[in-house]
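Subject: Structure for your study

Dear colleague,

Please find below the structure that I would like to hand over to you. I ask that you look through it before reading my notes.

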Amino acid sequence: MDLLPKDHKDFGSKEYWNEFFSKQKSQPFEWYGEYDSLSEILDKYIHPKDKVLVIGCGNSKLSVDLHDVGICNSISIDINAPVINQMKEKYGKDRPQMHFEVMDVFNLSFDDGTFSVVIDKGTLDALLVDKSEEVNEKINVMFSQIERVLRNGGRYLCISLLQEHVLNKLLDWFTDKGWLIRLHRCTKAEAKSEDALAFPVYAIVLTKLRKMNGAPMVLEIVHNGIASPQRCSSKKDIVEYVESAQHYAFLKHYLNKKKMVEEDICLELCSTDTGKVKYRMFVVDRKQESKMKFAIFIVVQEELNLFFRETEWLFSTPQGRQELAANVNCERLIVVHLLRDNVYHSLEEVKGDISAKILELAPASFKEQVPILSLGDDVGQRDIKCRGQSELSGEYVVEDVLAEKDQFYRRLIFLNSPYITQSEAKLMIGLAFLKIQMLCPNILLIGLEVVELDPSILDVSKKWFNLITDNRLKVHIADGLTFIQDAVSNGLKYDVVILDVDNKDLSLGISGPPIAFLETAMLQNILQLVYDSGII
């Protein structure tokens, strides 16, 4: 049965809905779920004493179900006369407080402030068919009518897929009016079929308040399982939250239908408590068939920053992750990174956080228990001691990391290269040992002289890494390349020259040094700096 319009603009025409309901006959058609799948949210905002208006009701049983749980005083309207007559005949006789009327949402005949709640289940989505000026003006009229018939403190409950233009229209119009806006995800109302695209369904609750000049916008997101709403600082926060869920739905559907993903796909999971990204996940597919069809590999902090520093490309580059998938002999591997600025108490906690989401990325045919792989069970402990910003090196952190039993390391990390430990000192041992490593992308450690490009990193070294400059250790603030050339010109010689300079271009497959230090002329200059018995 063809119940969907060939042109989305048909949604706004009375003729389309006449034909739609004549085809639908007596079978209820529920946009975005039945009452049972929405009750958790509806029951929170609709009370037995409320007078309720349901706009664009069609032949939905929503008002009937509300009546049967004690919300009896309601009026349901629609522009389609035959369907209203059908609803009166079917449900009106036994429910005297529940009324059905033929009425256009653009011209409501009710007095001002008549209703406590207006429910819109798919009507806005059906009418706001595009971003044209004509449609926009019609929706302005609809919103004005809803505003007029709602009492102060009343609620407009809009159930919607919140396409970009729909969400932006809601946010712009109602924030300008000073209404409180709260967003819920209706996960129970979303499609459950394996073959269907389970597009996110939302309930956006807009509470009518008297506009007060200078009052801040009140925008909130209610996360599933979290008691307190998350306050948003701007409309952008809500838009990004909705877009993220929509993109994830498309991706999940794509991964379930697509046999092979040609390139790495990156996903980020945020903590609902802090709003920060807590996990970064990479989907890695291999063409080779294997007995292991799907698995998870968790890169714990200990592995990433201690034991596998020399092979960090295994986790941080597409080529490395392909190699990792080959090593574990898996067709689709989800590689999970734990991110700093978060607390991870145990590997079991991490598994509990990510298992449900990652299972959604499995191929549709996969029905087995998912292997969760790792090279250790200690997720490590981080304590950020300092966070700063350098004009030359960008944002950095100094952190203490519990990497082995009772062994702490202090590390300097530049966040534009989060997989590289720039400097490290072992802490909490009898005699503090400082392993002097590169403190900036352009560092040259020459015997007992250090060349450092970034003066702010020298300050970090002195404060957090116990660096002491004296007659035994000199620090030159200069470019390493220039320093080498000048040293050769001045005939300087050293016993040891150490290049400990990191490379920012991870696509080269090496963490250091930069290509400029590997040019033939530069290598010849470095060679001239050491004595015949010296070491580079």
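The notes below describe what was found in it.

This is a predicted model, in which local features need pLDDT of at least 70, side-chain atom pairs count only at pLDDT 80 or more, and totals for chains, interfaces and linings use all residues. Residues are numbered from 1 along each chain as its sequence is written, and side-chain values use heavy atoms, with hydrogens and water left out.

The chain as a whole

The protein chain contains 15 helices and 24 strands. Both are DSSP runs numbered from the N terminus: helices are H or I with at least four residues, and strands are E with at least two. The chain has 536 residues, and 49% of them count as buried. Buried means under 20% relative accessible area, exposed means over 50%, and partly exposed lies in between (1.4 Å probe, protein chains only). Among contacts (heavy atoms within 4.5 Å) between residues at least 6 apart in sequence, 66% join residues at least 24 apart.

The sheet of nine strands

An open sheet with mixed pairing is formed by 9 strands in the order β3-β2-β1-β4-β5-β7-β6-β8-β9. Its edge strands, β3 (98–102) and β9 (230–232), each pair on one side only. Two strands pair if DSSP finds at least two bridges between them. On average, neighbouring strands of this sheet are turned by 20 degrees against each other, direction ignored. Axes are lines fitted to C-alpha atoms, for helices over the stretch in contact, and angles run from 0 to 180 degrees between N-to-C directions. Helix α2 (residues 35–45) packs on the sheet and touches β4, β5, β6 and β7; the direction of α2 makes about 160 degrees with that of β6. Helix α4 (residues 81–92) also packs on the sheet, where it touches β2 and β3; the direction of α4 makes about 160 degrees with that of β3. Strand β8 (residues 219–222) pairs with β9 in the antiparallel sense over 3 bridges, and Glu 220 stands opposite Arg 231 in β9.

Is Ser 76 buried or exposed? Ser 76 counts as buried because its relative accessible area is 0%. This residue is found in strand β2 (residues 74–78). The side chain of Ser 76 makes a polar contact of 3.3 Å with the side chain of Ser 63. A polar contact is a pair of N or O atoms within 3.5 Å; within protein, one must be able to donate a hydrogen and the other to accept it, and residues adjacent in sequence count only if both atoms are side-chain atoms. Not counting residues up to four places away in sequence, Ser 76 touches several residues, among them Val 54, His 99 and Phe 100.

Glu 89 lies in helix α4 and counts as exposed because its relative accessibility is 53%. Its side chain is joined to that of Lys 93 by a polar contact of 3.0 Å. Glu 89 and Phe 100 are 11 residues apart along the chain, and their C-alpha atoms are separated by 9.9 Å.

The sheet of five strands

Another open sheet with mixed pairing has 5 strands in the order β10-β11-β13-β12-β14. Its edge strands are β10 (265–270) and β14 (372–373), each of which pairs on one side only. Helix α8 (residues 235–257) packs on the sheet, touching β10, β11 and β13. Helix α11 (residues 318–328) lies across β11, β12, β13 and β14, at about 125 degrees to β13.

Strand β13 (residues 330–338) is largely enclosed by the rest of the structure, because 9 of its 9 residues are buried. Strand β11 (residues 277–285) runs antiparallel to β13, and 7 bridges join them; the bridge partner of Phe 282 is Val 335 in β13. Strand β12 (residues 292–299) runs parallel to β13, also with 7 bridges. Ala 295 stands opposite Leu 333 in β13, and Ile 296 stands opposite Ile 334.

Yours sincerely
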